[in-house]
Each structure stands twice: as structure tokens, then as C-alpha cells.
Amino acid sequence: MSSSGASSNYSGSENPLPPPSPEMALGFPQSTFTYEELARATDGFSNANLLGQGGFGYVYRGLLPNGKVVAIKQLKAGSRQGEREFQAEVEIISRVHHRHLVSLVGYCITGSQRMLVYEFVPNNTLEFHLHEKGRPTLDWPARLKIALGSAKGLAYLHEDCQPKIIHREIKTANILIDFNFEAKVADFGLAKITSDFNTHVSTRVMGTFGYLAPEYASSGKLSEKSDVYSFGVMLLELLTGRRPVGSSQSSMDDSLVDWARPLLTRALEDEKFDTLVDPRLENDYSHNEMVRMVACAASSVRHSAKRRPRMSQVVRALEGDMSLSDLNEGIRPGHSTVYSSYGSSDYDASQYSDDMKKFRKLALASQEYGSTDQYSNPTSEYGLHPSGSNCEGQLSKEMEMSRRTKKDNRGFDGSKSFSESF
């Protein structure tokens, strides 16, 4: 390991970027690597050590001289998006230390090379265990343990960090699992640091279809409640075993949240879960724990961001340390607009559904994100398929062009314009 963040030994660099700021480096001065050190750790970045690839680049398994196994995340050369994500991830991950967040071992900035070195989490992702064909069924205790661990990690980002951190990419593909089925939240490339008092408005809506909160997808309004919504979708995946959206272009308009919403209401009213719960569990679960997880999922995917719980409340509810009436603001499910698609919602659900259909079709039509199987393939950097999930690049250009050329605020046959929605 070197004491310098940039090595002059690497001859393949062109237009080398400046080293990290002193503030960035001071967070972990012992954790800088040269390109050569990481090449040796991965046997020359061999395919045998390739763990997966995503929008950022490639992830390799590496073995350091001290015997520590690591995951090395390598930025694709020339990727502007990857450079932004690299800087964001180094800045943010150096601030956080929690047992349910993947920890950073170090980084490499060598010429045009950008690499992050993480602890290696050996048991793949939650997406893999829930959705990969041929896998053993993830049992109920493991599902609850993963939900609770992920919730604790996210609560730490939202409430224990100063300033707080919004992850923006909470999904099953970014929850890494160890052999004890402890969960670790990963991938901070899209995360935002924000104040406690301001809702961030983003000009680029980035995230993964099926997990985007309505207010974020429609207007770019980003808050910690956007993460809560994404976490709620993840809870629905744990409960139902279903993916958040359809697995092909013909079924891409299918929404897990829309399908589950009436079932959640009925389940919480009569405490019968047969139509909701993953049939692979064969009804082998704790009734009380199921009630708590269903209540957490239902409250987390409310259309109104203001009515969603804080992640610390979700943690307490999952642990049984909080009354579900407090989680639900004392209102019975199905008896107010809390669970409804309309009324006091921050954003009309039918408009959200229409906009998301156009959003998906635009993404599928673009060359960069045109794969019709992007929903069925793993979307994590630990899966072996490119994610195609971040709504940037060509998609952002087309949306920005739509904004600039819009003559008025009406569009799509008189409805609210797609560009206005984003």
C-alpha cells in the first residue's frame, strides 16, 4: 500500500485528473493504493475475479498482501457520470461508519484510473437471493433480518449523519448479504448530502424504475422520504417475492406498488396475508412479525411524502418497539387518503402512473438504455449484467430537449407535460 494517492508508474494515463482534495484524503490517509497494487490483487483484473459490472464500471474480487479480501470497483475510462459518482462516493463513504453500511477500505487515483476498494461481502445481493432462478427460498427470519439491518443503515444516513445523506438508489440489488444474512447497504454513487431543512430539487432524475418516489420522479423533489419510498418497495419485494416492475417490455407498465396497495389495505384490516405473501414461504412466518412488516411497507409507499414515516420509526416498528397506530398516525388503513391514490397526496397517482409509462418508454427507446430485458437481469454491480438503471445520459438529454422546445405547459393530448413532470 502506498502513501500517495497517485502513482507515476502507470504509463497509460491521458489528461490526468487532479488528486483528491485534502479534505477528502484526510478522511483515510492510510487507504490509498497504486494501480499496480490493485492489479496484483486481482491478477491483472482477470475475468476469473470479475464479480460484476454496472453503470459505474467493473467490480473485481481482490486479495491484498495482508490477506484481506476486498471488492475493487473500477471506473470505466472516460465516463463523466462515473467520475461524478466516484467523487460523490469517496466524499460520502468517508463520512459514514455503520455495521449495516459497506465500508470503504481505500481508493486509487492514478492518471485516468479511478478505483474504490471496499470490504468484500461474500454472499451476493438481496436481489440475487430473492429473484435468481434456482435459488433456495429465502426464509422468513432471513427476510426480517435483512429488512431490519437495511432499515438501520438507512436510518443512520438520514438521522445520525450531519449533514444527512440521501442514498437515492435503495433497491434489492444494492443490499449486500453476508453468510449470516446480515445486510449492508452499498453503492453511494448517486447519494446526496443535504441539510435538515431543505428539500433538494434535482434537474436530473436518477434512479431505478419501480423504486422512484412519485414526487421525485414527477418534479425532482428529493428528500429522505424518497429513500423511504424506495425502501418500502424493497419491503414489498421481501413480502411478495415479486420484482418492482414487469420483467419485459410487454409488461413494463406493471407496478408492484399498484398491485400490492389494495392487498396491503385488506391484509392490515383482517390480518390475512394469503394473497400478498410470497407463496414460496408456504405460510411459514411469524404472524406478528408479518403484521409489522406489512404495516411498514404500506406506510413507506404512501403517495404523500409527508405521511411516510422516518426510517427510525420503521426500525422501531420492525423491532416491535412502536405501536402500529403511531406508525399509521392513528388512522385505520383504507379509511383515509393515507392509503389512497388520491386526495391529500403530494402527487396524483394516476398522473404519476402515466408519466412513469412515458418515462420507461423513452428510456427503452434510447440506444443507451434500450435493453428490453433490463428489468429481469440483475442490476447490481455485483450482478453480471450492466444495470442500465440510472436515468441520465441520453435519457436526460432527451428530457432536457423536451423542456427547451415545449411552447407551453400543456402536452401529451392536453395532460400535464412529460418535461414538466421531470
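This is a predicted model: local features need pLDDT of at least 70, side-chain atom pairs count only at pLDDT 80 or more; totals for chains, interfaces and linings use all residues.
Residues are numbered from 1 along each chain as its sequence is written, and side-chain values use heavy atoms, with hydrogens and water left out.

Now the strands around that pair. Strand β2, residues 57-63, runs antiparallel to β3, and seven bridges join them. On terms: two strands pair if DSSP finds at least two bridges between them. Helices (H or I, at least four residues) and strands (E, at least two) are DSSP runs, numbered from the N terminus. β2 and β3 form a hairpin, with five residues between them. Glycine 67 sits in the turn, with a positive phi of about 90°.

How much of β3 is buried? Six of the seven residues in β3, which spans 69-75, are buried, so this strand is largely enclosed by the rest of the structure. Buried here means under 20% relative accessible area, exposed is over 50%, and partly exposed is in between (1.4 Å probe, protein chains only).

β3 also pairs with β5, antiparallel, over five bridges. There, valine 70 stands opposite glutamate 119 of β5. Next along, β5 (residues 113-119) pairs with β4 through six bridges, again in the antiparallel sense. In that pairing, glycine 106 has valine 117 of β5 as its bridge partner.

We get an open sheet of five strands, in the order β1-β2-β3-β5-β4, with antiparallel pairing. Its edge strands are β1 (50-53) and β4 (104-110), each pairing on one side only. From one strand to the next, the twist averages 20°.

On to the helices. Two packed helices are described by the angle between their axes and the distance between the axes. Take α5, residues 140-160, and α10, residues 311-319: they pack at about 155°, with axes 8 Å apart. That makes α5 roughly antiparallel to α10. The cut-offs: under 35 degrees is roughly parallel, over 145 roughly antiparallel, 65 to 115 roughly perpendicular, and the rest oblique. Axes are lines fitted to C-alpha atoms, for helices over the stretch in contact, and angles run from 0 to 180 degrees between N-to-C directions.

Who makes the contact (heavy atoms within 4.5 Å)? From α5, the residues include Leu144, Leu148, Ala151 and His158; from α10, they include Met311, Val315 and Leu318.

Stay with α10. Its buried residues are Met311, Gln313, Val314, Val315, Ala317 and Leu318. They pack against α5, α7 (224-240), α9 (287-300) and α11 (324-327). Just after α10, glycine 320 takes a positive phi of about 80°.

Cysteines next. How many disulfides are there? Zero, counting a disulfide as a pair of cysteine sulfur atoms within 2.5 Å. Cysteine 161 is buried, at 6% relative accessible area. Cysteine 296 is buried too, at 0%.

Last, the whole chain. It has 14 helices and 13 strands. Of its 422 residues, 57% count as buried. Among contacts with a separation of 6 or more, 68% come from residues 24 or more positions apart.

Terms used. Contact means heavy atoms within 4.5 Å.
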